[in-house]
Amino acid sequence: LSSDVASPPLNSRIDVCFLALGPPSQIEYTISIIRNIEAQAVRRTLVRYHLVVDQRPETLQVEMRSRRVWREMPIDRIALHSVRVISPSALALYRRLSATATGPGPIYLYKPLLHLVLPLSVRHVIVLDTD
């Protein structure tokens, strides 16, 4: 079997993203999933987590350092990306798209816009739902 696509090096970073938007339970579910990944990962130091949140990153960072639920979490490998601080053009696009969404639909519309929310250094990302 041959392939035109080269395999990534064994030491390449793995980026995992969660949409932790909405109720605080989304953060709690995300923490649980990260704990499971950490327990199973063979090379866990290569895994970087990205949480797309709808609160101020500063507020959540304080919580990450103080709440018991965050203890023993790889905080140095968790990056917060707030939808409150996305570019005006990304926000305008999101608003146009979400105007037609129903129910929790607007939250899911961030998925196709992740390239506008995550930093350019994240070239490939695995997006996990919390349910």
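## Legends to the close-up views

**Figure 1. Overview of the chain.** Of the 131 residues of the chain, 34% count as buried. The model shown here is predicted. Five helices and four strands make up the chain, and along the sequence they follow the pattern β-α-β-α-β-α-α-α-β. The C-alpha trace spans about 45 × 45 × 25 Å along its principal axes. The accessible surface of the chain is about 8,700 Å², and carbon and sulfur atoms hold 55% of that area.

**Figure 2. The open sheet.** The four strands are arranged in the order β3-β2-β1-β4, with parallel pairing. The edge positions are taken by β3 and β4 (126-128), and each has a single partner strand, so one side of each has no neighbour in the sheet. On average, neighbouring strands of this sheet are turned by 25° against each other, direction ignored. Strands of a sheet pair through backbone hydrogen bonds, in either a parallel or an antiparallel manner.

**Figure 3. The pairing of β2 with β3.** Five bridges join β2 and β3 in the parallel sense. At valine 52, the bridge partner in β3 is histidine 81.

**Figure 4. Two helices lying across strands.** Helix α1 lies across β1 (14-20), β2, β3 and β4. Its direction is at about 160° to β1. Helix α2 lies across β2 and β3, and runs at about 150° to β3.

**Figure 5. The two sides of helix α2.** In α2 (residues 57-66), the buried residues are Pro57, Leu60 and Met64. These residues lie on the same side of α2, because they cover an arc of only 65° around the axis. Arg65 and Ser66, on the other side of α2, are exposed. The buried residues of α2 pack against helix α1 (25-40) and against the strands β2 (47-53) and β3 (78-82).

Figure 6. Glutamine 26 belongs to helix α1. Its relative accessible area is 17%, so glutamine 26 counts as buried, the cut-off being under 20%. Leaving aside residues up to four places away in sequence, glutamine 26 touches Leu19, Ala20, Leu21 and Thr130.

Technical notes:
Residues numbered from 1 in each chain as written. Predicted model: local features only at pLDDT ≥ 70, side-chain atom pairs only at ≥ 80, totals over all residues. Heavy atoms only, no water. Buried < 20%, exposed > 50% of the residue type's maximum accessible area, 1.4 Å probe, protein only. Arc of directions from axis to C-beta. Contact = heavy atoms within 4.5 Å. Pairing = 2+ DSSP bridges. Axes fitted to C-alpha atoms, helices over the stretch in contact; angles between N-to-C directions. Areas by Shrake-Rupley, 256 points an atom, 1.4 Å probe, with all protein chains shown as cover.
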